[in-house]
Amino acid sequence: MKETIAFVFLSIYTILEFVAYIPQIVKILKTKRADDLSLTSWFVWITTDLSYLGYVLLETPQIGVIFIAVLDLIFIITVFLLTAYYQKHNKRKKTCR
């Protein structure tokens with residue numbers, strides 16, 4: 001019973017977390033702007049998620065949990081890279097005018 005409840009909580013967490021990244025990624029791609037996002041915050045998220053992935057690999061070597069941690073890291077890195085690219089790209093556009 002405890003494992004079933006834990007799986008339900010993990011499933012809810014996973015679905016909502018991934019759903020939360022998608023609008024941010026879509027917005028960046030549509031507007032081609034990321035001026036209001038903090039690269040420092042996203043770097044902290046990357047570090048946090050890498051730490052979590054390390055914990056998962058050492059303590060919970062279940063393929064499902066590892067997959068979720070890796071997928072989460074991919075989403076975070078995607079937002080970070082898009083943010084870095086569009087902040088740099090848009091900064092260059094402003095200085096060329």
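This is a predicted model: local features need pLDDT of at least 70, side-chain atom pairs count only at pLDDT 80 or more; totals for chains, interfaces and linings use all residues.
Residues are numbered from 1 along each chain as its sequence is written, and side-chain values use heavy atoms, with hydrogens and water left out.

Back to Tyr86. What angle do the ring planes of Tyr85 and Tyr86 make? They stand at 80°, with the ring centres 4.9 Å apart, so this pair is edge-to-face. Tyr85 itself is partly exposed, at 47% relative accessibility. The whole structure holds four aromatic pairs. To count as a pair, rings of Phe, Tyr and Trp (its six-membered ring) need centres within 6.5 Å; planes under 30 degrees apart are stacked, over 60 edge-to-face, and the rest tilted. There is also one aromatic cluster, formed by Phe18, Tyr21, Trp42 and Phe75.

Now the overall picture. The protein has three helices and zero strands, with helices (H or I, at least four residues) and strands (E, at least two) taken as DSSP runs numbered from the N terminus. Its radius of gyration is 17 Å, well over the 13 Å that the globule rule gives for 97 residues, so the protein is more spread out than a compact globule. That radius is taken over C-alpha atoms, and the rule is 2.2 Å times the number of residues to the power 0.38. Along the principal axes, the C-alpha atoms fill a box of roughly 65 × 25 × 15 Å. Of the 97 residues, 29% count as buried.

Next, the inside. Which residues touch the most other members of the largest nonpolar core? They are Tyr21, Ile25, Ile28, Trp42 and Val79, out of 18 residues in that core. Helix H1 (2-31), helix H2 (39-59) and H3 each supply at least two of its residues, and the largest share, nine residues, comes from H3. A nonpolar core here is a set of buried Ala, Val, Leu, Ile, Met, Phe, Trp, Tyr and Cys residues joined through side-chain atoms within 4.5 Å. Setting aside neighbours within four places in sequence, Trp42 is in contact (heavy atoms within 4.5 Å) with Tyr21, Leu37, Ile76, Val79 and Phe80.

On to charges. Asp72 sits in helix H3, residues 63-96. Asp72 is buried yet has no salt bridge, and the nearest side chain of opposite charge, Lys27, is 19 Å away. Lys and Arg count as positive and Asp and Glu as negative, while His and the chain ends are not counted. Beyond its neighbours within four places in sequence, Asp72 has contacts with Tyr13, Glu17, Phe18, Tyr21 and Asp49.

How many salt bridges does a search of the whole structure find? It finds one, a salt bridge being a side-chain nitrogen of Lys or Arg within 4 Å of a carboxyl oxygen of Asp or Glu. Asp35 forms it with Arg33, the closest N and O atoms lying 2.2 Å apart. Asp35 is partly exposed at 37%, and Arg33 is partly exposed at 40%.

Finally, Lys32 lies in the loop between H1 and H2. Lys32 has a positive phi of about 55° although it is not a glycine. Most residues other than glycine have a negative phi.

Note on methods. Buried means under 20% relative accessible area, exposed over 50%, partly exposed in between (1.4 Å probe, protein chains only).
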